[in-house]
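Here is a short note for a colleague who has not seen this structure before. The points below can be read alongside the sequence and the model.

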Amino acid sequence: MIMRILGEGQYEISDGNLDRLNELDSALQSAADAGDERAFTSALAALLDAVRGLGDPVADDVITPSDLVLPDEDTSLTEVRTLLSDEGLIPG
């Protein structure tokens, strides 16, 4: 799966890492649902750090569509709420 972090780049994520990313996404969803800005900021940073750490960066000269687009760390809780589905940012 190819995930893009807005303003940063793309990362190739193996299927074996999706469960961990879904756990972090659930924490993000919970914080957003509760309107807890502090927990939201922490959960978003943890999710993006995990994508960076678990994923392999896609070279800048490779053009490939993203399967999933994640907001950058500066995205507000209000903005992310508009992106969230019942499954969070990461379906599955």
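**Notes on the fold**

1. The model is predicted. Its strands form an open sheet of four, in the order E3-E2-E1-E4, and the pairing is mixed. Strand E3 (56-57) and strand E4 (68-70) are the edge strands, each pairing on one side only.

2. Strand E1, residues 2-5, pairs with E4 in the parallel sense, over three bridges. Within this pairing, Arg-4 has Val-69 of E4 as its bridge partner.

3. Read along the sequence, the chain follows the pattern β-β-α-α-β-β-α. That gives three helices and four strands in the protein chain. With a radius of gyration of 13 Å, close to the 12 Å that the globule rule gives for 92 residues, the chain is as compact as a globular protein of that length. Along the principal axes, its C-alpha atoms fill a box of roughly 40 × 25 × 20 Å.

4. Helix H2 (residues 37-54) lies across E1, strand E2 (9-12), E3 and E4. Relative to E1, helix H2 runs at about 130°.

5. In soluble globular proteins, nonpolar side chains tend to be buried together. Here the largest nonpolar core has 21 residues, and those with the most contacts inside it are Met-3, Ile-13, Leu-21, Phe-40, Val-51 and Leu-70. Two or more residues of this core come from each of E1, helix H1 (18-34), H2, E4 and helix H3 (77-83). Helix H2 gives the largest share, seven residues.

6. What does Ile-13 touch, not counting residues up to four places away in sequence? The list is Met-1, Met-3, Leu-18, Leu-21, Val-51, Leu-54 and Gly-55. Among the residues with the most contacts inside the core are Ile-13 itself, Met-3, Leu-21 and Val-51.

7. Gly-9 lies in strand E2. Is Gly-9 buried or exposed? Its relative accessible area is 15%, under the 20% cut-off, so Gly-9 counts as buried. Leaving aside neighbours within four places in sequence, Gly-9 is in contact with Met-3 and Arg-4. Asp-33, by contrast, is 24 residues from Gly-9 in sequence and 27 Å from it in space, C-alpha to C-alpha.

8. Some totals for the protein chain follow. Of its 92 residues, 40% count as buried. Among contacts with a separation of 6 or more, 68% are between residues 24 or more positions apart. The accessible surface comes to about 5,400 Å², and carbon and sulfur atoms account for 47% of it.

Note on methods
Residues numbered from 1 in each chain as written. Predicted model: local features only at pLDDT ≥ 70, side-chain atom pairs only at ≥ 80, totals over all residues. Heavy atoms only, no water. Pairing = 2+ DSSP bridges. Contact = heavy atoms within 4.5 Å. Axes fitted to C-alpha atoms, helices over the stretch in contact; angles between N-to-C directions. Core = buried A, V, L, I, M, F, W, Y, C linked by side-chain atoms within 4.5 Å. Buried < 20%, exposed > 50% of the residue type's maximum accessible area, 1.4 Å probe, protein only. Rg over C-alpha atoms; globule rule 2.2 N^0.38 Å. Areas by Shrake-Rupley, 256 points an atom, 1.4 Å probe, with all protein chains shown as cover.
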